[in-house]
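Please read it alongside the sequence and the coordinates.

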Amino acid sequence: MSKALDGVRILDFTHVQSGPTCTQLLAWFGADVIKVERPVTGDITRGQLQDIPKVDSLYFTMLNHNKRSITIDARDPNGKAVLEALVKTCDVMVENFAPGALDRMGFTWERVQELNPRMILASIKGFGPGPYEDCKVYENIAQCAGGAASTTGFDDGPPLVTGAQIGDSGTGLHLALGIVTALYQRHATGRGQRVTVAMQDGVLNLCRVKLRDQQRLAHGPLTEYPQYPDGEFGEAVPRAGNASGGGQPGWILKCKGWETDPNAYIYFITQAPVWESICEVIGKPDWKTHPDYATPKARLPRLKAIFDSIEEWTMTKTKFEAMEILNQYDIPCGPILSMKELAAEPSLRETGTVVEVDHPTRGKYLTVGNPIKLSDSPADVQRSPLLGEHSEEILRDVLGFDGAKVAELLQSPGLRGVTRAAAE
C-alpha cells in the first residue's frame, strides 16, 4: 500500500529531539528521510543516556525510526559537494541548529534557492525575531518562556515544567504541519519557501487557554480556579493545580491503594449534565435539589468540599473499579496511568500506538508509534539507522554516482569516518 508522502524526500539536518520528532513523523507518513550526521559521533543523542554500552541509546532510537543515515563532514570539499547534490535532489531540508549555524556551513537561504528553487527550508529555533532570537533553547527553557511553567503547579509552590515534551516534540509537530502545508502550496506555485517555528511560539500556542484567562482577569476572578472564592488573584494567571481550566470543574482524586501506589488516582470531572448521576453514585442524593449544590454556579465556591466528598467514595475503589462504575453513567473520568501500565496495555499494542521494534545491536525495545492514524496509509515503524548505514546506497541510488565514484567518496576524508563507524 502506498504512503501519503511517497515520493517526498527530506534532507534531515536535525538532532536531539525537536527536529527528529518532525522528520520521524514525515517518515512514518512515507517520506524518504535522509539523516545527515557527523562522522564518527553522529547525532549526539546516540550516546546520551545510554543504558547499554556502545549501543545507540533509546533517546536516539525512539526519535529516528524509518530514516536512512549518511554521515558527512561539511568542512571537507567532497563532503560539501555531496551535501549540495542532496540539496538539489531533495524536496525539504529540515534543521534545528543553533541560530546562524546553517549560514556558517554555507547553506544560506539564498544559496539553497540557487541550488534548488523548489526546496522547502524548514527550521526550528528557540525564539522568533526579538531580544532573545540568538539564544540557545532546550525543552524546559521553552516551557518557561512560552508560559507553561508559570501556569503549572499549585498556587502555594514554584512554577513547574511538565513531563510532556511540549517544547521539543510539540514544536516538531508544529513544524511537520508547516512542511506539509508548504508542500501543498508548491503544487500551485512551483516554488519552495521557508518554514520556521520558534519553540516559544509553539509552547504558547499550546497554552492559549491561559492567554484567554489572562484577558478574563480584567473582568473579575476566575471562578473555575481553586483560588476562588477564598484565594487572591494577582495581575497574571495563577497556577491552578489539577483544575481542568475549562467550564467543567475537575480534580485528581485518591483511589484505593494510594498509600503505597503513587499512581492510584483518578481524574474526575463534575460535568453539569450528569450531576444528578454523580450525586447518586457517591451517596449524596440530597445534593440534587439542595440550593448549595443543584446548579453549576452554586457549586463553584464549594468545589473543594465537593471533591473531598467525591474522594471519600473513590478511595473505596481502585481506579479501574471507579472507571467501570462511572462510565456506566457517562461521568467523565480517567485513570492516572503510569508508564509501566501504558507499556503493558494491549489496546495500545493493537492500534500501533505502542510498538515493539527489533534492533541489530540493542535487541527488542518498545517505542511510541504514529499517533496519527490514516485509513489508507497505515504507518509501519522501522528501526532507527546505524550510524552511516546507508551512505553507499544514498550515494548510488539517490545521487546516481557510479561504482568508482562511490568508492572514491567513501574513502575521502569527508565520508571515510562514516563507513568505519558504521562497520564498528
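Which residue in S6 does Ser123 stand opposite? The residue is Thr196 in S6. The model is predicted, with local features requiring pLDDT of at least 70 and side-chain atom pairs pLDDT 80 or more, while totals for chains, interfaces and linings use all residues. Residues are numbered from 1 along each chain as its sequence is written, and side-chain values use heavy atoms, with hydrogens and water left out.

**Sheet**

Helices (H or I, at least four residues) and strands (E, at least two) are DSSP runs, numbered from the N terminus. Strands count as paired if DSSP finds at least two bridges between them. An open sheet is built from six strands in the order S3-S2-S1-S4-S5-S6, with parallel pairing. Each of S3 and S6 has a single partner strand, so one side of each edge strand is left without a neighbour in the sheet. From one strand to the next the twist averages 20°.

Helix H3 packs on this sheet and touches S1, S2, S3 and S4; the direction of H3 makes about 140° with that of S1. Contact here means heavy atoms within 4.5 Å. Angles run from 0 to 180 degrees between N-to-C directions, and axes are lines fitted to C-alpha atoms, for helices over the stretch in contact.

| Pair | Sense | Bridges |
|---|---|---|
| S5 (residues 120-125) and S6 | parallel | five bridges |
| S10 (residues 354-359) and S11 (residues 363-368) | antiparallel | six bridges |

S10 and S11 are joined by a hairpin through three residues. His359 has Gly363 in S11 as its bridge partner.

**Arg68**

Arg68 counts as buried because its relative accessibility is 15%, where buried means under 20% relative accessible area, exposed over 50% and partly exposed in between (1.4 Å probe, protein chains only). Leaving out residues up to four places away in sequence, Arg68 touches residues including Asp32, Val33, Ile34, His390, Glu393 and Ile394.

**Helix pair**

The axes of H16 (residues 391-398) and H17 (residues 403-410) come within 10 Å and cross at roughly 145°. In this contact, Ser391, Glu392, Leu395 and Arg396 of H16 meet Val406, Leu409 and Leu410 of H17. By class, the contact has four nonpolar, one polar and two charged residues. Ala, Val, Leu, Ile, Met, Phe, Trp, Tyr, Cys and Pro count as nonpolar, Asp, Glu, Lys and Arg as charged, and the others, Gly among them, as polar.
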